Amino acid sequence: MNSLVSFINKNDLLKIELMNYVLETDQKFYETKTLEQEFAVSNYMLREILDSLNIDLHNILDSDWLLLQKGLVYPRYRVTRYHLYKMSQYYFNLSALKPLLETRVLTGSLPTYTTIQYDYGWSPSYFFSQKKILNGLVNDNDSYEFIQAGYVIYNYFDEKPIFSDRIKVIGQEMLKFLLENHFINDLNQRQKMLLINFCVSEMLYNNQALFENREVAIHTVVSLPIIITSFIGNDSDKILSVLLEMLDIFDFLLENKNYKYSQYVSDKIVLLQNDIMPVLENFFSQSTKNEIAQLSYKISVYSLRFGFKNQWFVTNEGEVNLNYFRDIYPSIFKLITYHIDIINIQETIVNNYQRELFCFNLIGIMFRNITNTSIDRVNISVNFSATPITNDMMITMLKNHINHASVDFTCTDKIADIYLSDMIDDDVLGEQVIWKKPPTLSDWTALGELIVKIKKMKSVK
């Protein structure tokens, strides 16, 4: 599976991994022997990495980060995700693959050896080895896939190609048209502008590869203004259809009466909607039929769209940690597993290595329905011996700390799942938690683990 970190050379990638390791472990100091074993490097190589990383960070942050002294490495200050991403961006801009990719973006074709040799002084062997690596990562012969890959790469590193003024002008006109016709909203305009400019660049330089031999997936009832089509010189409907399809793939396209899916796509949406609607009705029994119909439609559209996402969507960088959702909504993952089985009956849309990303987005689509129901709900009864004021304060504190977790709080209810108090009560039927003083971090941790335990027990029944 291709990875975006391929755009960072081996030594720079090792620096990123070291930064991430220190960020995740957050220790006051590290033994060099431990770091050598963790990253499988020699003592000499580790010292080289540390020195080089300090120089790079000094260039960006104007201060050294790591101090090496008597076999120990001391972080001078706490690094954050911001520092980590800034370094990734820095190394991406130093990558040998970037000038090859950017030339392909801005001119429609990869650079020749003569051009690269003149600009960078590369040897023939180095040029062709880098070109081979890029060809293995990005299919530049397929304009449709290249737009997706290029957008994901630059968006991931928070960079953008130096598009020509012509591309920027056309892109701005397209953005204005899309906003005025409510195809998109005004959120995340930077990302949308980047995607639009990628589309414009391909339309200008590789329009035949982009438009020919492609079935239109989205039809529109509006047309692009002549100020746009006169620049690109292609069929207005095809231009807009490709643009909307790209926006749809990246979840930017809004539901709108100004477009509709092709008959083939619409039929597949209806079939999938009919299959999953009964499951959703049973699971979200408190929702109305209209709410279930809308939800099943959104899930069906997203599921089919997911099948058109190329390999760049499922790299390691796109993985998400779902442990939080697995803990507080264990039953949801049973529903999602069943849903994946349904949509994969006709053809495989979600592979095993795509499941985490698909599950995360599916939870996002269903989240309002999830939080409006009693799925995996846990009841906590709060009864402290001081005064009712204490109970009110503790419930307010709990609600502020435990939100979106399907947890209800009551006072003095002895049949709740959890009885939280400062004294033992033998008449209580559920689990008891005793807090004698203002809760410590370990008290909160123990309560959270108990809530997860009860949720998992309920989901098994």
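Gln89 touches Phe157, Asp158 and Glu159, once residues up to four places away in sequence are left out. This is a predicted model, so please hear every value as computed. Gln89 itself lies in helix α4, which runs over residues 81–94. Is Gln89 buried or exposed? Its relative accessibility is 13%, and because buried means under 20%, Gln89 counts as buried. One of its contacts can be given in more detail: the side chain of Gln89 reaches the backbone oxygen of Asp158 at 2.9 Å. For a sense of how the chain comes back on itself here, take Gln89 and Tyr154. They are 65 residues apart in sequence, and their C-alpha atoms are 9.4 Å apart in space.

Next, helix α2, residues 32–39. Which residues of α2 are buried? They are Thr32, Leu35, Glu36 and Phe39. These four cover an arc of only 105° around the axis, which means that they sit on the same side of α2. What covers the buried residues of α2? The cover includes helices α1 (10–25) and α3 (43–61), together with strands β1 (30–31), β2 (66–69) and β3 (72–75). Just after α2 comes Ala40, with a positive phi of about 55°.

Stay with Glu36 for a moment. Glu36 is buried but has no salt bridge. Where is the nearest side chain of opposite charge? That is Arg47, 6.5 Å away. Leaving aside neighbours within four places in sequence, Glu36 is in contact with Val41, Ser42, Asn43 and Leu46.

Now to charged side chains that do pair. How many salt bridges are there? The count comes to 14. I will go through three of them.

Lys15 and Asp12 are both buried.

Another is Glu24 with Arg81, at 2.3 Å from N to O. This pair links distant parts of the chain, since Glu24 is in helix α1 and Arg81 is in helix α4, 57 residues apart. Glu24 counts as exposed, because its relative accessibility is 51%. Arg81 has a relative accessible area of 36%, so Arg81 is partly exposed.

The last pair is Arg305 with Asp251, whose closest N and O atoms are 2.6 Å apart. Here too the pair links distant parts of the chain, 54 residues apart. Arg305 is in helix α15 (residues 289–306), while Asp251 is in the loop between α13 (236–249) and β5 (259–261). Arg305 is buried, with a relative accessible area of 13%. Asp251, at 40% relative accessibility, counts as partly exposed.

One more item on salt bridges: some of them share partners, and in this way Asp12, Lys15 and Asp56 are joined into one network.

Terms used:
Residues are numbered from 1 along each chain as its sequence is written. This is a predicted model: local features need pLDDT of at least 70, side-chain atom pairs count only at pLDDT 80 or more; totals for chains, interfaces and linings use all residues. Side-chain values use heavy atoms; hydrogens and water are left out. Helices (H or I, at least four residues) and strands (E, at least two) are DSSP runs, numbered from the N terminus. Buried means under 20% relative accessible area, exposed over 50%, partly exposed in between (1.4 Å probe, protein chains only). Lys and Arg count as positive and Asp and Glu as negative; His and the chain ends are not counted. A salt bridge is a side-chain nitrogen of Lys or Arg within 4 Å of a carboxyl oxygen of Asp or Glu. Contact means heavy atoms within 4.5 Å. The arc is that of the directions from the helix axis to the C-beta atoms. A polar contact is a pair of N or O atoms within 3.5 Å; within protein, one must be able to donate a hydrogen and the other to accept it, and residues adjacent in sequence count only if both atoms are side-chain atoms.
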